[in-house]
Amino acid sequence: MRVRFAPSPTGYLHIGGLRTALYNFLLARKHGGVFVIRIEDTDQTRFVEDAEQDILDSLSWAGITYDEGPLIGGKFGPYQQSVRSERYQEVASQLIKLGKAYFAFDTSEEIDALKQRKISSSNPNPRYDFATRAEMQNSLTLSEADVSTRLARGDAHVVRLLVQPGAEISFVDAVRGHVSFESDAVDDQILIKSDGLPTYHLANIVDDHDMQISHVIRGEEWLSSTPKHIILYDALGWTAPQMAHLPLILSPTGGKLSKRNADKNGIPVSVFEYRKKGYEPEALVNFLALLGWNPGNDQEIMSLDEMASLFSLDRVGQAGVQFDLQKLAWFNEHYVRSKTPEVLAESVYVKIDELFDDVSMDYLSRAISLMLDRLSFATDIANATYLFADPKAYDEKSVQKRWKTNSSQLLISYANDIEALSDWATDPLESRLKELVERENIGIGEIMFPVRLALTGLPSGPDLYQMMILLGKESVLRRLQTASHAVG
RNA sequence: GCCGCGUUCGUCUAGGGGUCUAGGACGCUGCCCUUUCACGGCGGUAACACGGGUUCAAAUCCCGUACGCGGUACCA
């Protein structure tokens with residue numbers, strides 16, 4: 001088994017592209033096959049400089065490795081279509097010789113004119129096909145001599161696929177089962193553009209054949225193009241690979257997850273953005289794996305290895321799937337909390353160090369440990385500013401509601417009690433507080449709450465005693481003093 | 001318009017003729033835990049698009065309708 005992911009470097013890796021790559025990768029892993037990456041850079045006009053690099057980086061970040069492709073090569077390389085032009089030309093010539101393709105010299109103005117001529121309410125999109133090619137300037141209508149002189153003269157031309165009408169083109173899709181099209185509905189697709197480069201359709205089938213790809217797993221947007229590809233394989237006497245078209249990822253409002261639509265819903269579309277926002281790669285991958293596939297049981301949390309062992313194309317769904325940012329968030333929380341504080345500390349240290357003074361890696365790691373089950377993103381630790389600096393203000397609503405006239409005094413009493421402590425640990429801190437409660441004959445909340453407010457400025461947060469341990473005696477006493485004066 | 005693909009809780013899904021008074025997860029929500037907030041635990045909410053068949057029996061098979069999505073480029 002040989003599969004491939006064949007992105008076009010027209011932009012950063014899209015979330016849907018990552019899922020396609022993932023499914024290919026999983027299938028290859030499952031069957032001990034080979035996973036190829038091929039860059040389909042045949043459109044010079046849409047080429048984006050750093051896109052290829054981003055695609056490779058993003059896959060690597062996601063933990064998706066490949067066996068043949070850019071950077072590492074392989075025996076079917078090179079893996080960029082822009083440097084394989086000769087081969088496409090060769091196949092195009094072969095198709096022309098076989099009578100399966102032809103030269104066309106029509107200018108874009110002439111094609112526009114054709115459309116204007118044919119357009120009607122019942123036919124809003126006239127095609128260049130069996131019904132219209134006789135009216136155009138191509139090697140089917142022009143004399144042989146005329147064609148030769150035009151070619152010799154270097155007239156701009158394209159190569160088109162000659163699609164015969166009246167045929168049924170069908171294939172079995174691994175996800176959708178039997179699919180069939182009438183050839184009448186297929187246009188004479190351009191195979192070689194006037195710039196000499198191939199279109200997707202030609203380059204794709206030539207490379208899939210030459211690279212011995214056994215399974216083509218791609219998005220559903222390619223389903224309608226598949227008959228063209230089948231015609232091409234047949235014309236060349238090649239066996240078409242097994243096809244599998246994945247359901248599209250939809251935006252929560254329904255449409256396809258275009259950049260604009262996604263932005264409107266606050267959904268990042270490029271993997272780069274997820275990296276930047278601090279998502280855990282395992283979370284994104286796990287979430288995406290389940291967007292259109294399921295293992296057939298109730299398991300949702302899976303490592304790449306587990307997914308690979310469970311994966312199969314017949315468990316891929318057929319209906320479009322809506323992207324759910326909340327579910328992704330849940331996966332992210334899960335993976336954040338399953339990591340060690342040390343690992344998370346490493347990943348956010350630079351950010352924390354920028355924001356606060358004198359935070360050691362060890363301290364950060366202990367802070368994260370204290371906050372672990374309330375983090376959605378590792379970087380959320382930065383929001384708990386009170387762990388890294390004294391509070392600058394005290395939550396007004398909480399003060400109004402729960403700060404009593406005796407609060408300041410209680411704070412001072414507690415500060416005095418714990419200042420004497422030789423053992424700065426949770427148990428003595430707790431028993432001193434309880435003793436104070438008995439001595440003063442008050443409810444425990446009457447002292448706990450002001451202490452919390454003094455330490456954090458907020459009405460909620462992690463366990464009080466554990467937090468005092470983290471902050472340290474000096475800092476705790478200072479904060480109690482400060483609050484007793486500032487709020488009191 | 002035409003061609004193609006699809007349609008189970010709000011979302012991702014299980015289910016493939018009787019075991020479905022339709023299961024799981026996210027979300028939302030109630031209670032418990034915690035004299036904080038989260039986490040966690042235990043509950044609740046909520047779906048077979050519609051209409052015809054076939055069958056003793058249909059969420060499951062067939063047909064139609066509606067709706068959604070994709071394609072209809074010298075883009076991929």
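1. Domains. Chain A is split into five parts: domain 1 (2-73 + 204-249), domain 2 (85-192), domain 3 (259-336), domain 4 (340-386) and domain 5 (396-486). These bounds come from an automatic or database domain assignment.

2. Basis. This is a predicted model, in which local features need pLDDT of at least 70 and side-chain atom pairs count only at pLDDT 80 or more, while totals for chains, interfaces and linings use all residues. Residues are numbered from 1 along each chain as its sequence is written, chains are lettered from A and ligands numbered from 1 in the order in which they are written, and side-chain values use heavy atoms, with hydrogens and water left out.

3. Domain 3 against domain 4. Their C-alpha centres lie 26 Å apart. Seven residues of domain 3 are in contact with six residues of domain 4; contact means heavy atoms within 4.5 Å. The area buried between domain 3 and domain 4 is about 560 Å², and carbon and sulfur atoms give 57% of it. Buried area here is the accessible area (1.4 Å probe) that two parts lose on being put together, summed over both. Between domain 3 and domain 4 the salt-bridge count is zero.

4. Three strands form an open, antiparallel sheet in the order 3-4-7. Strand 3 (101-104) and strand 7 (190-192) are the edges; each has a single partner strand, so one side of each lacks a neighbour in the sheet. From one strand to the next, the twist averages 40°. For the angles, axes are lines fitted to C-alpha atoms (for helices over the stretch in contact), and values run from 0 to 180 degrees between N-to-C directions. Strands pair if DSSP finds at least two bridges between them. Helices (H or I, at least four residues) and strands (E, at least two) are DSSP runs, numbered from the N terminus.

5. Strands 3 and 4. Four bridges join strand 3 to strand 4 (residues 158-161), and the two run antiparallel. Tyrosine 102 stands opposite arginine 160 in strand 4.

6. Salt bridges overall. The structure holds 29 of them. The criterion is a side-chain nitrogen of Lys or Arg within 4 Å of a carboxyl oxygen of Asp or Glu. One network links Arg4, Arg38, Glu40, Arg84, Asp207 and Asp208.

7. Glutamate 135 and arginine 117. Their side chains meet in a salt bridge at 2.9 Å, N to O. Glutamate 135 sits in the loop between helix 4 (108-118) and helix 5 (144-153), and arginine 117 in helix 4, 18 residues apart. Glutamate 135 is partly exposed, with a relative accessible area of 36%. The classes are: buried under 20% relative accessible area, exposed over 50%, partly exposed in between (1.4 Å probe, protein chains only).

8. Glutamate 280 and lysine 339. This salt bridge has an N to O distance of 2.6 Å. Glutamate 280 is in the loop between helix 9 (271-277) and helix 10 (281-289); lysine 339 is in the loop between helix 12 (325-337) and helix 13 (341-355), 59 residues apart. Both glutamate 280 and lysine 339 are buried.

9. Arginine 478 and aspartate 390. The salt bridge is 2.7 Å, N to O. Arginine 478 lies in helix 20 (residues 473-486) and aspartate 390 in the loop between helix 14 (361-371) and helix 15 (396-402), so the pair ties together parts 88 residues apart in sequence. Arginine 478 is partly exposed at 37% relative accessible area, and aspartate 390 is partly exposed at 28%.

10. Alanine 483. This residue lies in helix 20. Alanine 483 is buried, with a relative accessible area of 0%. Leaving aside neighbours within four places in sequence, alanine 483 is in contact with Tyr394, Trp403, Leu411, Ala454 and Gly488.
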